Amino acid sequence: MADEKKPVSIVEEKKAKKIDYRDMTTCETTLQMLRKMEADGTDNSFTRAAEMKPCPIGADSACCKHCFMGPCRLNAKDPYSKVGVCGATIDTIAARNFARNVAAGCAAHTDHGMGMLDIFREVVNGKIEHFKIQDVKKLKSVAESIGIATEDREVMDIAKDLYAELERTYTQVEGEIPFAKRVPPKTLELWRKEGIVPRGSMREIMELMHRTHMGVDQDYDNIMKQCSRTALADGWGGSMVATEISDILFGTPSPKVAGVNMGFLKKDQVNIIIHGHEPLMFEAMVVAASDPANIERAKAVGAKGINLLGMCCSGAEVLGRHGIPHAGNFMSVEPVIATGAVDAMGVDVQCIMQSLVKVADCYGTKFFTTNPRAHIEGAVHVEFHEHAPFDAPNQIIAMAVERFSNRTAKVVIPSRQDWGVHGFSHEYVNYMLGGEYRASYTPLNANIINGKIRGVAGVVGCTNPRVKQDYVHVELVKELIKNNVLVVQTGCSQIALAKAGLLRPDASVLAGEGLAEVCETVGIPPVLSLGSCVDNSRILIAVAEMVKMGGLGDKISDLPVAGAAPEYMSEKAICIGQYFVASGVYTVFGVTFPTVQGTKFHDLLFNGLEEKGFGKWGFSTDPIEMAYLMIDHIDKKRAALGISEKSERKLFSMDDRRTAEG
Amino acid sequence: MSRLVAFAAIQGAYNIVAKAEGKFKQAMDKYGPNQPLAFPNTAYYLPVIYSILGVKVEKLADAEEVLKKCRDLLPKHIKPEHNIHLPYLGGTLDSGMAAILAEEVVEAIRYVDTPDFYTLGEDCDPANGKVWLGAADDVIMRKRGVEFVDGSAPGFAAIVGAAPSPEIAKLIAEEYQKKNLYIFMCANQNGTSFAEQLVEAGVEIGWGTRLVPFGPDISGAVFALGFANRAAMAFGGVKPGDYQTILKYNKDRIFAFVNALGEVNAEWAANAAGAINWGFPTIADSDIPEILPYGVCTYEHVVSSVPYEQMTAKSIEVRGLKVNITEIPIPLAYGPAFEGERVRKDDVYLECGGGKTHCCELVKIAAMDAVEDGKVEVIGPDIKDVKPGSRLPMAVLVEVAGRKMQEDYEPILERQCHHLVNYAQGIMHIGQRDIAWYRIGKQAVEKGFTLGDIGRILHAKYHQDFGAIFDKCQVKIFTDEAKVTEMLGVARSAYKVRDERIEGMTDEACETYYSCTLCQSFAPTHVCVISPERTGLCGAYNWLDCKASNEINPTGPNQPVVKGETLDPKLGNWKGVNDFVFKASRQAVEKYNFYSLVYDPMTTCGCCECIAAVLPMCNGIMSVNRDYTGMTPSGMKFTTLAGTIGGGLVTPGFVGHSKYNVTQRKYMAGDGGLARLVWIPKIFKEEIKDRLIKRGEEMGIPNFIDMIATEENGTTEDEVYAFLESVGHPALTMESILG
């Protein structure tokens with residue numbers, strides 16, 4: 001009896017603290033489910049966050065646990081008053097902690113990319129039959145971009161060369177990673193001067209881990225160089241390989257009208273949610289869910305069919321590629337289970353809360369881990385094997401069907417469905433601005449130069465129970481588009497905006513006049529959804545293309561662009577932020593920032609890097625303030641480019657034509 | 001609301017493609033797959049299809065893959081799901097391209113179905129119902145293309161539909177003419193077309209007046225785009241199928257735009273979308289949705305509700321074109337567009353020269369204090385003193401003075417008289433020196449033209465174009481019989497002295513040649529270098545012209561080139577020239593020879609008057625002029641040859657040159673000289689007959705002119721060889737031309 005009462009008593013405690021879930025999320029369906037969870041007496045990450053204050057020393061990154069003479073804790077209020085046992089200063093400690101975040105983030109994306117490359121190798125070598133090269137055009141363009149000849153060659157020959165070349169992204173010990181060839185020359189020149197062009201991601205992560213071991217690199221500036229090098233090995237390496245190989249194997253996304261939110265769960269169907277990050281298992285799941293045998297199995301127990309949904313970045317991958325509905329972002333994963341309608345949830349890697357096992361158990365949802373890297377205690381592990389890719393999906397479907405036939409939990413499905421346009425790839429952006437014959441970024445640059453578009457902002461990243469879910473994302477983006485800043489999105493952030501209706505073309509009524517006019521011309525929403533968090537590499541390619549098209553300076557740091565991750569929570573986000581900063585982009589984070597203001601390390605991140613020619617970090621928890629940090633930066637870059645003022649249109653004389661290039 | 005435009009354009013493209021498919025099927029049934037399909041006299045097949053897709057359509061069946069491509073290009077209709085539409089700009093542009101490609105097939109089928117539908121050549125004959133000219137052939141394209149290259153025509157307006165009245169049509173046309181633009185006309189508005197409105201308003205239409213009536217249907221738009229794309233291939237050296245470069249070339253270098261007059265229907269919208277692929281925006285008089293952001297076009301894409309009086313100015317601004325307008329203090333409209341306009345016999349008020357009376361022109365240097373700038377005197381009877389249809393003798397004497405003026409510049413200024421006078425609307429000028437011929441039309445007289453206006457034109461234009469080389473200029477116009485006879489004597493002795501001086505100039509005695517990169521507006525890697533004995537291949541620039549031009553504009557396209565060390569005197573190769581060429585060609589051309597077509601010949605932009613080619617079997621060379629459209633013994637017509645060597649490429653075995661160059665002493669000197677010449681077209685031979693005879697005498701072969709074969713003797717190497725043997729042509733016994 002006592003055990004049964006326990007959850008109730010927790011709820012009573014919460015009531016005592018007067019938790020208002022309205023302060024925790026702006027997502028209607030999540031709110032509805034959080035209230036249901038409260039009524040059901042189920043614990044969740046929002047309540048845990050409310051109850052657990054972040055460790056104050058850790059939050060300031062003033063704690064060092066890298067050896068066993070400590071852990072040492074410094075005083076963030078008076079950061080230079082003390083040093084660690086070994087003498088490490090606040091700058092060394094914070095830089096080392098930051099570096100470990102970067103290393104972990106890079107490792108996550110890089111391992112994801114490597115996984116994709118593993119499949120690609122098996123496809124190229126003919127050892128896997130179920131997957132094949134679907135986008136030959138993309139294969140060729142990726143190959144050409146790194147100097148592989150494609151003319152008059154067999155597709156498989158090109159693919160073999162591409163595999164061999166891309167493998168260097170990970171394993172190379174000397175030289176430059178292949179995609180360094182895509183970096184604008186002047187930006188690359190700066191990296192070379194600073195000695196931060198990545199050699200291979202394994203080497204960079206290894207070196208960063210070594211350098212942050214006790215008693216090695218104890219100069220925050222030098223640590224930061226390796227941080228940048230490692231982060232770049234993610235953005236222009238692991239993540240970019242992941243994106244490009246996914247496009248080659250599963251097709252490059254192009255826009256489609258697709259739906260987001262819990263309203264896409266269907267009461268009369270077997271609902272299966274795939275959560276995590278890699279597209280692979282999901283792609284197999286898509287095939288398996290449409291297999292007539294599986295559908296029959298579902299129908300046999302009275303279901304009308306199998307309803308597949310995605311969440312988090314796995315969901316973002318297939319949302320843009322296949323238009324498969326997305327049930328919600330990171331902070332909605334626990335609540336969605338409370339609908340009682342989720343018959344099975346399969347997960348692969350990254351951002352999978354351990355609590356899901358327990359929540360799933362509460363609502364009778366079958367919960368599966370599928371990746372050998374990510375088991376969870378208490379979860380059923382059904383390993384996904386790429387050589388027999390339908391085994392795990394079939395098993396999951398079978399278990400889901402079984403659960404459907406024995407649904408015990410009360411099913412409450414929120415009605416809300418939010419439609420929007422998803423699936424903007426770099427290739428499609430090129431196409432949409434000029435069709436097959438005039439595809440290029442020129443119109444984007446031209447309308448930035450003429451001021452209709454003020455600049456471009458990437459708003460990306462997670463959601464985090466320490467801030468009101470989706471709120472900062474949505475308010476920030478609204479303020480940006482109102483000021484004629486075109487917004488590109490990935491990951492959980494784009495799901496927040498999709499739910500707010502900003503991925504619809506008619507959202508341009510919220511945009512400034514100039515941006516709205518461009519949106520109307522092209523037929524796009526003012527906010528473009530680009531894919532999962534590894535697809536931040538699409539933003540890198542986009543900024544490189546903007547530099548190449550001309551008129552906006554000769555390096556990424558010249559561009560009137562900025563980035564933000566307003567509700568981030570993962571180490572991957574830190575790594576992404578750092579690769580944007582190292583590439584030349586001003587990047588603003590919300591929630592919290594792991595440095596102490598007034599320290600030399602903090603100053604390096606927030607000012608010093610920019611002085612060296614990189615981008616820099618910014619921080620704000622307020623969406624409007626964050627928007628103006630970004631807008632001011634964009635205006636600063638516009639001024640430097642000499643495009644702040646509306647200039648007289650240039651009329652071309654014969655002499656102008658004579659001196660024209662090309 | 002671009003979405004509405006996109007919707008209409010896509011609908012229109014579906015219509016156009018479907019109709020083209022229908023036409024194609026009917027034609028296949030009627031004529032069979034092997035029916036030849038072509039536009040007249042062009043080496044560029046169906047030029048839009050050839051340039052964009054790289055497909056050579058030669059017979060009907062070849063059009064099938066083109067139409068399939070059109071079908072594939074058609075995007076999905078804009079049909080929102082859940083009230084959300086997908087991006088449409090890319091699809092709209094594709095549907096526009098599909099429409100244009102399909103229309104080219106339709107127009108080509110029309111040439112088979114109705115061979116007389118279009119009138120061949122530059123002139124129409126509205127009186128006999130021959131209004132529409134259809135596709136410009138390569139002769140027209142090259143001749144007119146040169147004007148686009150040198151800037152005398154800065155662009156073209158493609159006018160679709162009809163103005164509300166003939167008067168408004170005339171107003172718009174004259175505005176463009178004054179701004180030197182061409183007008184390409186197509187389509188109709190309820191059966192009324194802009195071209196026919198101009199005819200009704202008494203305006204002369206045709207290539208000569210830059211008012212070109214292409215066709216009565218919207219599909220005629222394809223002729224304008226085909227003209228533009230051939231210019232890109234002919235002068236820009238862009239390879240067929242390299243659509244990206246072709247279209248960028250058009251956006252950056254061919255300043256064209258569309259004026260849609262009257263209600264815009266879906267098919268017009270599709271054509272407008274097609275033109276946007278070229279970077280050509282649409283400016284409309286009707287109230288259609290606008291597309292104002294920049295990018296695919298340089299500036300706006302669609303601008304609407306433009307009042308007629310602002311149509312030309314707005315269009316030019318939207319396209320981003322800088323136009324220099326010439327204001328001349330005479331009562332007539334003035335500009336190059338009026339150069340080609342004729343004054344017919346019945347319309348003549350006064351005629352001078354033309355074999356009926358004496359007429360001459362002379363420009364002379366004079367002392368500063370002997371010239372009163374701007375003074376124009378008419379000595380003898382003027383317009384007011386004669387009746388309509390009269391004739392008078394005339395002598396025009398222009399006296400110029402200035403610190404920089406040199407005797408060398410006299411002929412340059414004098415030669416300008418022809419086109420400068422011709423630019424006046426209603427005045428016709430033919431010839432030069434003592435064969436000059438003036439016709440002053442009744443319409444011009446009605447507007448108040450007097451003979452003094454000739455002087456005012458010359459004074460104003462000389463100052464405008466040559467102000468840097470003289471300070472003062474006065475004009476005397478003699479019509480008094482005795483004075484004219486006196487002036488004629490003075491002029492003829494001046495011509496003689498002048499000719500002898502220029503004849504005496506040699507390349508050896510000259511240390512500084514001049515470059516000409518005028519054509520880099522269209523052929524970015526082509527560089528001409530002009531020496532006294534090798535005039536410009538376009539025929540428009542000799543060494544003195546370049547020298548004067550450099551004096552006038554020291555940073556302009558004509559730069560002095562110190563020839564430097566002589567590397568090969570026979571082939572004509574100098575270090576200084578090579579260095580200059582390498583730099584000015586943007587590193588595309590390392591070196592070339594002045595006097596050889598076998599070894600590293602000079603490049604051509606594509607504007608050359610003639611092309612010479614080796615005839616190996618005859619051990620000689622042939623040369624063909626641009627006006628000759630027949631086959632040559634090289635197995636290629638002029639236009640194919642030009643397609644092979646144009647665009648600034650060094651092409652051993654072929655070289656472009658001017659007509660005049662043939663009789664210059666250094667002509668092909670490196671390969672054996674004029675004695676190598678075995679074949680030229682008859683019209684060409686006629687044209688240079690006198691000088692050719694003279695050169696034959698100099699060479700010690702007085703009957704050399706008769707040894708050169710023409711098409712009458714043959715158009716194959718075998719035939720030419722047989723002829724050469726029969727006349728004992730010297731080339732047959734010279735050392736092997738290929739070395």
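Which strands of chain B does helix α18 (residues 638-645) lie across? Helix α18 of chain B lies across β20, β21 (620-625) and β22 of chain B, and α18 runs at about 85 degrees to β20(B). This is a predicted model, in which local features need pLDDT of at least 70 and side-chain atom pairs count only at pLDDT 80 or more, while totals for chains, interfaces and linings use all residues. Residues are numbered from 1 along each chain as its sequence is written, and chains are lettered from A, with ligands numbered from 1, in the order in which they are written.

**Chain A as a whole**
- The secondary structure of chain A comes to 27 helices and 16 strands, where helices (H or I, at least four residues) and strands (E, at least two) are DSSP runs numbered from the N terminus.
- A compact globule with 662 residues would have a radius of gyration near 26 Å, and the 25 Å of chain A agrees with that; the radius is taken over C-alpha atoms, and the globule rule is 2.2 Å times the number of residues to the power 0.38.
- Along its principal axes, the C-alpha trace of chain A spans about 85 × 65 × 50 Å.

**Two helices of chain A**
- The axes of α5 (residues 90-124) and α7 (residues 155-171) of chain A come within 10 Å and cross at roughly 155 degrees; axes are lines fitted to C-alpha atoms, for helices over the stretch in contact, and angles run from 0 to 180 degrees between N-to-C directions.
- Helices α5(A) and α7(A) are therefore roughly antiparallel to each other, a term that applies to angles over 145 degrees.
- Among the residues that make the contact are A:L117 and A:F120 of α5(A), together with A:Y163 and A:L166 of α7(A); two residues are in contact if their C-beta atoms, placed from the backbone, lie within 7 Å.

**A sheet in chain B**
- Four strands of chain B form an open sheet in the order β22-β20-β21-β23, and the pairing is mixed; two strands pair if DSSP finds at least two bridges between them.
- The edge strands, β22 (654-657) and β23 (677-679) of chain B, each pair on one side only.
- Strand β20 (residues 610-615) of chain B pairs with β22(B) in the antiparallel sense over four bridges, and the bridge partner of B:C610 in β22(B) is B:H657.

**Where the chains meet**
- The contact between the chains takes 41 residues from chain B and 38 residues from chain A.
- On the side of chain B that touches chain A, α1 (2-31), α4 (89-113) and α9 (243-253) of chain B each supply at least two residues.

Terms used:
Parallel < 35°, antiparallel > 145°, perpendicular 65-115°, else oblique.
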